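Q: I'd like to learn how to read a fold one feature at a time. Put the model up and let me start asking.

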Amino acid sequence: MTYIEAYDQLVTDGWREYPNQFKKYARCFYKQFDTPTRCAGNDEKPGVQVEIDVSEHEGVVSFELELCAGLGDGTWLTIKNYSLPHSFDGVVSLIPRMLALWEFANK
């Protein structure tokens, strides 16, 4: 997969690109997912937001996944997954597991 192919697939799948000042090495994309538990810091929005970071080094495209959201008690939780498959479908298939972990943390 090339960097351009990854970008095209993310945009086609409804992800929105937004720069992340702490990750200048990557292009960062965000998407809101409907979950039973909302992020306490963004209670006006349904569910939680997941971030996919796409970077390229020496022609190899790599991905990172991150979910950062607030628990009801004011604690912020960051769930990060890196060293992921080099395919868009392989990365996206891991998101339900991340969302399940978020729900488990809220019990």
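Q: What is the relative accessible area of E17?

A: First, the ground rules: this is a predicted model, where local features need pLDDT of at least 70 and side-chain atom pairs count only at pLDDT 80 or more, while totals for chains, interfaces and linings use all residues. Residues are numbered from 1 along each chain as its sequence is written, and side-chain values use heavy atoms, with hydrogens and water left out. As for the labels, buried means under 20% relative accessible area, exposed means over 50%, and partly exposed is in between (1.4 Å probe, protein chains only). E17 has 34%, which makes it partly exposed.

Q: Which residue does E17 meet in a salt bridge?

A: A salt bridge here is a side-chain nitrogen of Lys or Arg within 4 Å of a carboxyl oxygen of Asp or Glu. E17 meets R27, at 2.7 Å from N to O. R27 is partly exposed too, at 26%. The two are 10 residues apart, with E17 in strand β1 (residues 16–17) and R27 in strand β2 (residues 27–33). Strands (E, at least two residues) and helices (H or I, at least four) are DSSP runs, numbered from the N terminus.

Q: How many salt bridges does a search of the whole structure find?

A: Seven. Take D53 and K23, whose closest N and O atoms are 2.8 Å apart. D53 belongs to strand β3 (residues 48–57) and K23 to the loop between β1 and β2, 30 residues apart.

Q: Are D53 and K23 buried or exposed?

A: Both are buried. Now compare the bridge between E64 and K80, with 3.3 Å between the closest N and O atoms. E64 sits in strand β4 (residues 60–70) and K80 in strand β5 (residues 76–81), so this bridge ties together parts 16 residues apart in sequence. E64 counts as buried at 15%, whereas K80 is partly exposed at 40%.

Q: Which residues are linked in a network of salt bridges?

A: K23, E51, D53, E64, E66 and K80.

Q: Next up is the sheet. What order do the five strands take?

A: Pairing is the thing to look for: two strands pair if DSSP finds at least two bridges between them. The order here is β1-β2-β3-β4-β5, an open sheet with antiparallel pairing. β1 and β5 each have a single partner strand, so one side of each is left without a neighbour in the sheet. β4 and β5, for instance, pair over six bridges, and L67 has I79 in β5 as its bridge partner.

Q: Which strands does helix α1 touch?

A: Contact means heavy atoms within 4.5 Å. Angles run from 0 to 180 degrees between N-to-C directions, using axes fitted as lines to C-alpha atoms (for helices, over the stretch in contact). Helix α1 (residues 3–12) packs on the sheet, touching β1, β2, β3 and β4, and makes about 165° with β3. Helix α3 (residues 95–105) lies across β2, β3, β4 and β5 and runs at about 20° to β4.

Q: Which residues of α1 are buried?

A: Here's the general idea. An α-helix has 3.6 residues a turn, so residues three or four places apart point the same way. In α1 the buried ones are Y3, A6 and L10. Down the helix axis they fall within an arc of 60°, so they line one face; that arc is taken over the directions from the helix axis to the C-beta atoms. They pack against β2, β3, β4 and α2 (88–92). The face turned away from the buried side carries the exposed residues I4 and T12. Just after α1, G14 takes a positive phi of about 95°.

Q: Which residues does L10 contact beyond its neighbours within four places in sequence?

A: W15, F29, I52, V54 and F88. L10 itself is buried, with 0% relative accessible area.

Q: Last one: how many disulfides are there?

A: A disulfide needs two cysteine sulfur atoms within 2.5 Å, and the count comes to zero. For C28, the nearest cysteine sulfur is that of C68, 13 Å away. C68 has its closest cysteine sulfur in C39, at 7.6 Å, which is too far for a bond. C28 is buried at 1%, whereas C68 is partly exposed at 39%.
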